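The sequence and the structure are shown first, and the description follows.

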Amino acid sequence: MSTTTTTTTHAFKTEQQQTFAAKFETKDLVTFDENAVYGDWRDEFHKNGCVVIKNVISPERAQYYCDKQIQWLKNFDLGFDEKDPSTWTADKLPVSFKGGMYFAYGSTHEKMAWEARTEPTVVEIFEKLWDTKELITSFDGMNISMPNRKDITWSPWPHCDQNPRRKGMQAVQGLLNYAPNGPKDGGLMLMKGSAKLFDEFFSQKRDSADHEDAPPPELEFMDLFLFSKKDVAWFESRGCELVKVNMEPGDFVLWDSRTMHYACFPEGDQIRHVQYICMTPRKFAEPEALEAKKYCFENYMGTTHWPHCNVRVTKEKPMRDGEICPKYRTEPFEKPVVTEKMLQLAGVKPY
Ligand SMILES: [Fe+2]
């Protein structure tokens, strides 16, 4: 089994991190008919590399997930109160990335995360997109961002989640939105049309922007590239448009992983509630990726956005003031009810 092992010292302490199936495909894993007309959201998706799909779950169901996420924050007993903004500070919240993205503490396998991944209408989106029912899912994180946080520094980080060495459409990311998300509420910024220019942009040597979130050189196999202001202008000069995606509770947004994107800081008074979800065909996965996913699944570990390759098995520990967070845990508070569908989506059970 070929693996890549690294050690890093980022926001999360990584004792040893192994990456399985990090190999790079240089062509499309699936070919789409350029002239196909679907008569639904797929037409916009294939044109722009991104699309918002309305009312995928009901507003009531979205509210259920908001409540679950708030309860999850409160389970840590750090003093967080969703009704008292003075408690919206790092010391009263579990450790997150960019002030609201949660990947640690077994959170990627909480019951609520699996419930979202297995919502029939969510699975249907990816079935339609890839034209197969045999899908596997990422074990992705969630985003619970309090607006107007004064205790965190924040800067935009335009990036794409596909390594420049991969070519073609190989992964499509998504997020299920639970709370009202208007222009002031932060959230997803997308460079519409940038996916189609990915190959042209990377046809010459490009250096990842100098940014605090840029991957260190030893992680050059990661599916992450940070764009500079100059790069942003390069895409804009070719007709791409940076848009803030506004959504209502229950909406879903899909974007090709070659699309430039980042999250903007929430400045209204609304808490942002999101679950990241990504699915690709099981046939894209090599046996070693499936094996690594099984290990992650059985040990409540998360993965990157990529369901079928570059599976990073990490023993990441959230760090607080230079020490491992005293609330560090390796299991969800509320474990999911394991179903046949879940095992198939996890890649543990074949179809
Ligand atoms: Fe991203």
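## Terms and basis

Helices (H or I, at least four residues) and strands (E, at least two) are DSSP runs, numbered from the N terminus. Residues are numbered from 1 along each chain as its sequence is written. This is a predicted model, in which local features need pLDDT of at least 70 and side-chain atom pairs count only at pLDDT 80 or more, while totals for chains, interfaces and linings use all residues.

## The chain as a whole

The chain contains 8 helices and 17 strands. Of its 351 residues, 43% count as buried; a residue is buried if 20 or more other C-beta atoms lie within 10 Å of its own, exposed if 12 or fewer, and partly exposed in between, with C-beta atoms placed from the backbone. Two residues are in contact if their C-beta atoms, placed from the backbone, lie within 7 Å. Among contacts between residues at least 6 apart in sequence, 82% join residues at least 24 apart.

The pLDDT, which is the predictor's confidence in each residue from 0 to 100, averages 89 over the chain, and 89% of the residues score at least 70. Over residues 1-16 the pLDDT is below 50, and this stretch has 36 contacts in the model beyond near neighbours in sequence.

## Core and helices

A nonpolar core is a set of buried Ala, Val, Leu, Ile, Met, Phe, Trp, Tyr and Cys residues joined through C-beta atoms within 7 Å. The largest one has 79 residues, of which Ile125, Leu176, Phe252, Val253, Leu254 and Ile277 touch the most other members. Leaving aside residues up to four places away in sequence, Val253 touches Cys50, Val52, Gly174, Leu175, Leu188, Val245 and Met247. In soluble globular proteins, nonpolar side chains tend to be buried together.

Helix 1 (residues 41-48) has Phe45, His46 and Asn48 as its buried residues. These pack against strand 3 (50-53), strand 9 (187-192) and strand 12 (252-256). Gly49 follows helix 1 and has a positive phi, near 80°.

In helix 4 (residues 120-130), the buried residues are Val122, Ile125, Phe126, Leu129 and Trp130. They lie on the same side of helix 4 because they cover an arc of only 110° around the axis, the arc being that of the directions from the helix axis to the C-beta atoms. Just after helix 4, Asp131 takes a positive phi of about 55°.

## Hairpin and loops

Strand 16 (317-320) and strand 17 (323-324) are separated by a loop that holds Asp321. The two strands pair in the antiparallel sense over 2 bridges; strands pair if DSSP finds at least two bridges between them. Met319 has Ile324 of strand 17 as its bridge partner. Strand 16 and strand 17 form a hairpin with 2 residues between them, and Asp321 in the turn has a positive phi of about 50°. Because it has 7 other C-beta atoms within 10 Å, Asp321 is exposed.

Most residues other than glycine have a negative phi. Tyr300, however, has a positive phi near 55°. Tyr300 belongs to the loop between helix 7 (287-298) and strand 15 (311-314), and counts as partly exposed because it has 19 C-beta neighbours inside 10 Å.

Pro326 lies in the loop between strand 17 and helix 8 (340-345). With 8 other C-beta atoms within 10 Å, Pro326 is exposed. Pro326 and Phe76 are 250 residues apart in sequence, and their C-alpha atoms are 9.9 Å apart in space.
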